[in-house]
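Please look at the model below with these notes beside it.

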Amino acid sequence: MPRVIAFQGELGAYSHQACRSARPGWVYLPCGTFEDAVQVVNDRLVDQVLLPVENSIYGRVADIHQLLPDSGLYIIEEVFERINIQAMAIPGTKIEDIKVAYSHPVLLGQCKNFLKSKNISTISYTDTAGSARLVAEDKNPSQMALASKLAGHIYGLETLEANIEDELHNRTRFVIMDRQFNSERRSDQMMTSFFFAVRNIPAALYKALGGFATTGVNMVKLESYMVGGSFSATQFFAEIEGFPEDKAVELALDELKFFSSYFKIIGVYPAHKSRFLHD
C-alpha cells in the first residue's frame, strides 16, 4: 500500500512540488488549511505532512509557528525548494495579449519587475495553484497565472515566460513532520529544533542563551511570539546546529532548561545540503 503525505494547498502548489521532490512515488494529499494537514496525520489517515516554515524573501510563515508546539508531531526532515515562477496562460496566448496576472499576493510581490516591464496589472488569489486552475477554467486570453511548472502541467496551461522571479535566491524551506520522534543521528551535520519559555526572573533570556555562546553551539534561528494573545507570556522557537547528545549541545541545553519554565524538542534531523549553498 503506497504511503501518503499531506500538504496545504491545491494540486500544483509549491508544497505539492516539494512533496514530489522529497517523497517520490508517494501519494500526495492536498488539504484546505495547515490545521487540516496536521490533523490527517494525527488521525492516522496519512503518514506524514509537509509544511512551509520560511521563505528566503518573504520570511517566516507565522501561522506555522503557532501551530507546531501543540501539533503532536515532530520534525524528521527539512526540505529546501527553489521557487521558480512561471507566467502561464491558455494555449495559443501571447504575452502581448495579457492584461492581468492572478496569483497569491506573496508571489505577485516577487515578480514586480517583470509585471511592471510588461504593464500587466495584478489580482490577488488565495493560492498559486488555484490561480492556474482559475485561468484554465476562464479560458480568457487576457489572463495569466503566476505559479509552478507543475501547476501548468496539471491544468493544461502554456508557459509564456519562465523563471520570472525578481530574486534568483528565492527558496522556501519546508519541514516534514511525523507522529514518531526520530532521535537517531542520521548525519554528521544534524539540526535540533525546540520551543522554550524563560522563567520570570531578571535577564532570564540572556542567561538561558549564554550556554550556546560559551560552548560554541551555533543558534541559527530564534523567534518569539505571544502565547494565547498575552503580552506577558512569550514563547520562543529556536534551531541550532548539532545533536542533543553532543557534549557542547547537552551543556548548552542544560543551562537553557535551568532558566526556562517550558522546554520541548520538536525535531532532530539532518541538515539539508542547501543550508551550505550560496547563490
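1. The face of α9 turned away from its buried side carries K247 and F258, both exposed. Exposed means over 50% relative accessible area, buried under 20%, and partly exposed in between (1.4 Å probe, protein chains only). On the buried side of α9 are V249, A252, L253 and L256.

2. α9 spans residues 247-258. This helix has twelve residues and reaches 17 Å from its first C-alpha to its last, close to the 16 Å expected at 1.5 Å a residue. The expected span is 1.5 Å times one less than the number of residues. Helices (H or I, at least four residues) and strands (E, at least two) are DSSP runs, numbered from the N terminus.

3. A word on the source: this is a predicted model, where local features need pLDDT of at least 70 and side-chain atom pairs count only at pLDDT 80 or more, while totals for chains, interfaces and linings use all residues. Residues are numbered from 1 along each chain as its sequence is written, and side-chain values use heavy atoms, with hydrogens and water left out.

4. How many salt bridges does the count come to? The count is 14. A salt bridge here is a side-chain nitrogen of Lys or Arg within 4 Å of a carboxyl oxygen of Asp or Glu. Side chains of opposite charge can pair when their charged atoms come close.

5. D246 pairs with R185 in a salt bridge, with the closest N and O atoms 2.7 Å apart. D246 lies in the loop between β14 (234-241) and α9, and R185 in the loop between β11 and β12 (190-198), so the bridge ties together parts 61 residues apart in sequence. D246 is partly exposed at 24% relative accessible area. R185 is also partly exposed, at 44%.

6. R82 and E165 form a salt bridge at 3.4 Å, N to O. This pair links distant parts of the chain: R82 is in strand β5 (residues 74-82), and E165 is in the loop between β10 (158-161) and β11, 83 residues apart. R82 is partly exposed at 22% relative accessibility. E165 is buried, at 6%.

7. D47 bridges to R3, with the closest N and O atoms 3.7 Å apart. Distant parts of the chain are linked again: D47 is in the loop between α2 (34-42) and β3, R3 is in the segment before β1 (4-8), and 44 residues separate them. D47 is partly exposed at 21% relative accessibility, and R3 is partly exposed at 40%.

8. The largest pocket has a volume of about 660 Å³. Of its 25 lining residues, Q8, P52, V61, H104 and V106 are the closest to the centre. Elements giving two or more residues to the lining include α1 (14-22), α3 (62-67) and α4 (105-109). The largest share, three residues, comes from β3. By class, the lining has eleven nonpolar, ten polar and four charged residues. Ala, Val, Leu, Ile, Met, Phe, Trp, Tyr, Cys and Pro count as nonpolar, Asp, Glu, Lys and Arg as charged, and the others, Gly among them, as polar.

9. On a 1 Å grid over the protein atoms alone, a cavity is a set of points where a 1.4 Å probe fits but cannot get out; a pocket is an open set with protein on both sides within 12 Å along at least five of seven lines; lining residues have an atom within 4 Å of a point. Points are joined across faces, edges and corners, and a volume is the space filled by probe spheres set on them.

10. There is one cavity of 30 Å³ or more. The largest cavity has a volume of about 40 Å³. Its lining divides into three nonpolar, one polar and six charged residues. Among the lining residues are E54, R60, R173, K221, E223 and E239.

11. K139 has a positive phi of about 55° although it is not a glycine. A203 likewise has a positive phi, about 60°, and is not a glycine. Most residues other than glycine have a negative phi. K139 lies in the loop between α6 (128-138) and β9 (143-147) and is exposed at 59%. A203 is in the loop between β12 and α8 (204-215) and is partly exposed at 43%.
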